[in-house]
Amino acid sequence: DGNGEKTTQPAPRSIRNRTKKFDDNVTKRGHVPIGKAGEHSDDPPISKGLIAFFLFVVVGSSFVQVLRMFQTSVPDLGEDEN
């Protein structure tokens, strides 16, 4: 062109599709369908059984550690000294 204006190529199909999807979502912001909000559950991310097992291991190991501490700290009083 002699007037100095650039001619632009049409955008590729993938870019047009992404732009259209984004433009459609902009107007929907904050409006969540009831079905999507109802699907959310308040279940903890780990099961109660796993929490119980973890507590069993922690409490059990600390109990064993205390027993070992008492076992090694008690002096042997029944030894014969010859």
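**Exercise 1.** Work out the secondary structure of this predicted model.

*Solution.* Start by counting: the protein has 3 helices and 0 strands, taken as DSSP runs numbered from the N terminus (helices: H or I, at least four residues; strands: E, at least two). Next, read the order, which is α-α-α from the N terminus on.

Residues are numbered from 1 along each chain as its sequence is written. Local features need pLDDT of at least 70, side-chain atom pairs pLDDT 80 or more, while totals for chains, interfaces and linings use all residues, and side-chain values use heavy atoms, without hydrogens and water.

**Exercise 2.** Find which helix has the highest mean pLDDT and which the lowest.

*Solution.* Recall that pLDDT is the predictor's confidence in each residue, from 0 to 100. The protein averages 78, and 68% of the residues score at least 70.

**Exercise 3.** Decide whether Leu 55 is buried, partly exposed or exposed.

*Solution.* First place Leu 55: it lies in helix H3. Then apply the cut-offs (buried under 20% relative accessible area, exposed over 50%, partly exposed in between; 1.4 Å probe, protein chains only). Leu 55 has 48% relative accessibility, so it is partly exposed.
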